[in-house]
Amino acid sequence: MPNQHTNGGRASPTHVTLAVVLQVRGDSLCVLLWQRGREPFEGAWSLPGGYLEPGHALEQSIRTQLARKVDVAELSSLEQLETVGDPGRHPGEWQLATAYLGLVPGGLDPALPEDTAWHPVDDLPSDMAFDHGPIVLAGRERLRAKLSYTNIGFALAPESFTMSELSSIYTAALGYPVDPTNLRRVLERRGLLESTGEQRSPGPDGGRPAAVYRFGSHELAVTDPFAVLRPPTLGRAAG
């Protein structure tokens, strides 16, 4: 464990970077966690990360730490989430932690070491280390907010998709059903969708071929600063 510096007899904090890496897998929004192999919290699940090395910028540090767990080239988005520094968050030292939010698109299945696994955000392990559970939930809420007013959906979606597939991704991320037709109207009104000109063959249950779309840009942008995606109200559902 790195030694804390002293300043006039008072210990200075150490600094770590952490990553909340999210991906929609099946019908769940999942987070990447690894099982700690040493104290404190040996055997508990935690966010990937590590101590900030001298001369490293924060984002450089977390990318280096993540590279030990997952191919960082597969991250479609990475942004700073929050810094936490409660003196009691670490049992052995005063530690600041800067967390980043990273997103992996659907359809990718990065190779993981044996101590690392995806966990549904709605069913996190009971033995999470430090304050990593609340940090995961902060990442989920940041994502949900940005799905309302930015084009960040591109970072969760595969390269191409049907609206049914995209609505399933939004449903998992937002935590409530998202209608494919309404989602298409919203995204088209904002100029975010492009038709690929292709159609997806119907499944074994039949039906009409489905149009295939893609996001027009993979650069994060605010598309409607006043928009909020909300679950349908009972009144609207009944009407």
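1. Strand 6 provides the largest share of the lining of the largest pocket, three residues. Strands are DSSP runs of E with at least two residues, and helices are runs of H or I with at least four, numbered from the N terminus. The model is predicted: local features need pLDDT of at least 70 and side-chain atom pairs pLDDT 80 or more, while totals for chains, interfaces and linings use all residues. Residues are numbered from 1 along each chain as its sequence is written, and side-chain values use heavy atoms, without hydrogens and water.

2. The lining comprises 23 residues, with Arg36, Arg38, Gly49, Gly50 and Tyr51 nearest the centre of the pocket. A pocket is an open set of points on a 1 Å grid over the protein atoms alone, where a 1.4 Å probe fits, with protein on both sides within 12 Å along at least five of seven lines; lining residues have an atom within 4 Å of a point.

3. There are 12 salt bridges, each a side-chain nitrogen of Lys or Arg within 4 Å of a carboxyl oxygen of Asp or Glu. Asp109 and Arg25 form one of them, at 2.9 Å from N to O. Asp109 lies in the loop between strand 8 (95-103) and strand 9 (116-120) and Arg25 in strand 3, so this pair joins parts 84 residues apart in sequence.

4. Glu79 and Arg142 also form a salt bridge, at 2.5 Å from N to O. Glu79 belongs to strand 7 (residues 77-84) and Arg142 to helix 2 (residues 132-149), so the pair ties together parts 63 residues apart in sequence.

5. A network of salt bridges links Asp122, Arg140, Glu141 and Arg144.
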